[in-house]
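Good morning, and thank you for coming.

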Amino acid sequence: MIQQTLIQILKNAVSAAAPELGLDPGRVPDPELSAPSRKGFGDWSTNVALVVAPHLGRPPREVAQAIAARVVANARPITRVEVAGPGFINLFLGRAWLHDVLREILESGIGFGRGEPRGERVQVEYVSANPTGPLHVGTARNAALGDSLANVLEAAGFAVEREYYFNDANRQVRLYGESVDARYLERFGRPAEIPEGGYHGAQVTEVAEQIAAEVGDSLVDVDSGVRRERILALAVERTMAGIRATLDRFGVHIDTWRSEAELRRSGAIDAAVAELGRRGYTYESEGAVFFRSTEFGDEKDRVLIRSTGEPTYFAADCAYVLDKAGRGFDHLIYVWGADHHGTVKRVMGAAQALGVDPARVEILIHQLVTLYRGGEPVRMSRRAGDYVMLDELLDEVGPDAARYTLVSRSPDSALDFDIEAVARQTMDNPVYYVQYAHARIASILRVAGERGIELVPWREASLDSLQEQAELDLLRTLAELPEVVTLAAAARAPHRLPRYAEAVAAAFHRFYAECRIITEDVARTQARLWLSVAAKQVLATTLEVIGVAAPESMERIGDGDR
RNA sequence: GCCCCCGUAGCUCAGUGGAUAGAGCACAGGUUUCCUAAACCUGGUGUCGCAGGUUCGAUUCCUGCCGGGGGCGCCA
């Protein structure tokens with residue numbers, strides 16, 4: 001890749017200039033390359049002189065001059081070097097490097113932009129909604145962010161495992177089970193009541209109906225304790241199946257499912273609590289067992305075992321972090337909504353207390369989503385079971401628009417999601433702009449085929465004939481995919497991909513408007529078709545990471561969607 | 001009260017300590033005998049919330065304040 005070549009050249013130049021500058025040759029930093037913010041600043045630039053100058057006590061421009069002088073001497077792809085501004089070194093390249101980028105893209109195929117396997121394993125844990133009802137929109141951002149993060153890490157060369165953890169053995173889910181139980185009994189004309197604090201939503205009735213359809217009235221007359229256990233198990237199973245189906249629609253495919261019940265059954269929870277005790281991080285008070293989370297910056301110590309003997313969710317969290325750590329991942333990434341930020345300190349503390357290297361554990365917090373419809377906030381009441389389900393959202397706006405919108409914003413920003421605006425198939429929706437570019441290319445390639453134009457192998461095509469500004473700009477944009485992926489992965493910032501996708505789409509549309517692709521000029525047609533193929537592939541890769549479809553064709557507005 | 005996030009163009013938002021801070025939308029005008037006009041081109045606006053500090057250099061890092069959102073239970 002050109003970047004590596006340039007960095008090496010710069011590094012050599014800095015080393016060569018080191019004696020003159022009084023720079024310790026052992027302390028030559030790796031120069032960083034950046035794409036200049038404006039034209040006229042060359043094809044690539046570096047601030048290495050600005051970084052080094054303070055240590056030398058010399059004016060940055062002088063340092064830059066010294067380095068730049070060495071660059072000219074030994075560089076082949078570079079046609080011109082310039083020192084500019086406070087001390088930037090701008091590199092001007094011959095256009096050939098862009099044609100080489102095109103060759104690289106075509107050579108690498110779908111591998112372009114994807115980093116070499118780096119032998120590091122990452123677990124990303126997300127969604128993790130408890131089986132007390134179907135997924136609602138509150139979870140949607142978590143699912144979209146977590147999944148795209150997993151995708152981008154994978155693209156950057158990490159070995160990624162997607163995990164979903166759920167609490168199916170605690171008080172809340174038991175209440176849910178009892179609510180379903182009540183509906184089940186009612187279904188067969190038995191008197192029953194939803195317990196206090198239970199669930200009243202229509203979904204509860206639905207699950208009860210499903211269970212009734214499956215087992216009939218066979219459970220009505222069995223012992224209530226046994227019945228509740230059976231109903232609870234069936235309800236969890238049913239609910240999780242529903243969640244899985246919704247995630248599937250949303251393009252989220254989980255590799256591993258971990259549950260609190262498993263942790264309990266295996267004794268992992270007791271073991272974790274005992275381990276904390278052995279390490280001196282617990283104490284008893286008023287019949288409950290507490291974890292000394294204040295030693296890790298938490299506001300107060302947290303209960304592990306209630307005075308009733310029941311472990312808390314937090315106790316399960318402790319077992320779970322040990323469980324994760326024991327599976328050999330280099331990075332454990334939790335994706336949580338801002339409503340959980342209060343638990344960060346205690347979980348990080350527990351990890352540390354249990355001997356898990358805190359550097360391996362990352363908790364990525366995203367801000368919450370406020371739902372609007374036509375500018376009006378959509379009020380949701382949890383108690384009445386009155387919230388918008390993810391399935392309904394997908395029915396209304398479609399999975400692609402939903403995912404694209406949710407991934408587009410930085411996790412740190414609260415997100416206003418207006419159902420009407422997102423459902424609208426207009427330019428309010430960059431997702432269609434990007435998908436259209438992909439579909440447009442597919443269409444062009446189809447037309448070329450229909451007209452009997454066969455693509456010659458790209459090695460035989462005169463790619464160097466691409467010299468129009470729009471062609472060069474598009475190539476330049478395509479060349480950025482690898483660093484976009486690398487940076488997005490490193491910063492855990494998948495929202496950079498939609499931005500990039502828009503830039504690629506824009507560059508292609510401009511190229512399309514300015515350069516007719518299929519013409520009488522056979523050689524030029526071949527070159528432009530190959531450029532289009534490369535653009536299509538970069539778009540497809542980017543869209544895949546975002547988690548939306550790359551359509552081969554799109555119908556006109558008003559002719560229905562996708 | 002304590003904790004977290006945000007405050008950048010009329011709106012929605014980008015912006016790994018660097019050069020003259022960027023996109024889209026909205027608004028106005030223009031472009032199609034031709035590969036998808038869901039497109040393209042041309043128009044312009046910023047006390048980067050305020051005040052200090054660190055730095056050769058701050059929208060970016062630190063502190064305080066103001067404004068908005070969210071979280072703080074032997075609930076999840």
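A pocket, in what follows, is an open set of grid points with protein on both sides within 12 Å along at least five of seven lines. Please keep in mind throughout that this is a predicted model.

With that definition in place, let us begin with the largest pocket. It holds about 1200 Å³ of space. Its lining is made up of 41 residues, and those closest to the centre are S128, A129, N130, D339 and H340. Several elements give two or more residues to this lining: the helices α5 (137-155), α6 (171-187) and α11 (313-325), together with the strands β11 (331-337) and β13. By residue class, the lining of the largest pocket divides into 20 nonpolar, 16 polar and five charged residues.

I take β11 first. This strand belongs to an open sheet of five strands, ordered β7-β6-β5-β11-β12, in which the pairing is parallel. At the edges stand β7 (256-259) and β12 (361-366), each of which pairs on one side only. On average, neighbouring strands of this sheet are turned by 25° against each other, direction ignored.

Let us look at one pair within that sheet. Strands β11 and β12 run parallel and are joined by six bridges. Among the residues involved, W336 has I365 in β12 as its bridge partner.

Which helices lie across these strands? Helix α5 lies across β5 (121-125), β6 (159-166), β11 and β12, and runs at about 155° to β11. Helix α8 (residues 224-249) lies across β6 and β7, at about 140° to β6.

Strand β13 (residues 369-373) pairs with β14 in the antiparallel sense, over two bridges. Within this pair, R373 has E376 in β14 as its bridge partner.

Is α14 mostly covered or mostly open? The helix is mostly covered, with nine of its ten residues buried. Among the buried residues of α14 are D400, R403, Y404 and L406.

Rolling a probe the size of a water molecule over the atoms shows where empty space is left. In this model, the count comes to two cavities of 30 Å³ or more. The second largest cavity holds about 40 Å³ of space, and its lining consists of M1, I2, Q3, W97, V101, E104, F112, A479 and P482. Helices α1 (2-21) and α4 (96-108) are the elements that give two or more residues to this lining. Of the elements, α4 gives the most, with three residues. The lining of the second largest cavity divides into seven nonpolar residues, one polar and one charged.

That concludes the tour, and I thank you for your attention.

Note on methods
Residues numbered from 1 in each chain as written. Chains lettered and ligands numbered in written order. Predicted model: local features only at pLDDT ≥ 70, side-chain atom pairs only at ≥ 80, totals over all residues. Heavy atoms only, no water. Pairing = 2+ DSSP bridges. Helix = DSSP H or I, 4+ residues; strand = E, 2+ residues; numbered from the N terminus. Buried < 20%, exposed > 50% of the residue type's maximum accessible area, 1.4 Å probe, protein only. 1 Å grid on protein atoms, 1.4 Å probe; cavity = no way out; pocket = protein on both sides within 12 Å on 5 of 7 lines; lining within 4 Å. Points joined across faces, edges and corners; volume = space filled by probe spheres on them. Nonpolar A, V, L, I, M, F, W, Y, C, P; charged D, E, K, R; others polar. Axes fitted to C-alpha atoms, helices over the stretch in contact; angles between N-to-C directions. Contact = heavy atoms within 4.5 Å.
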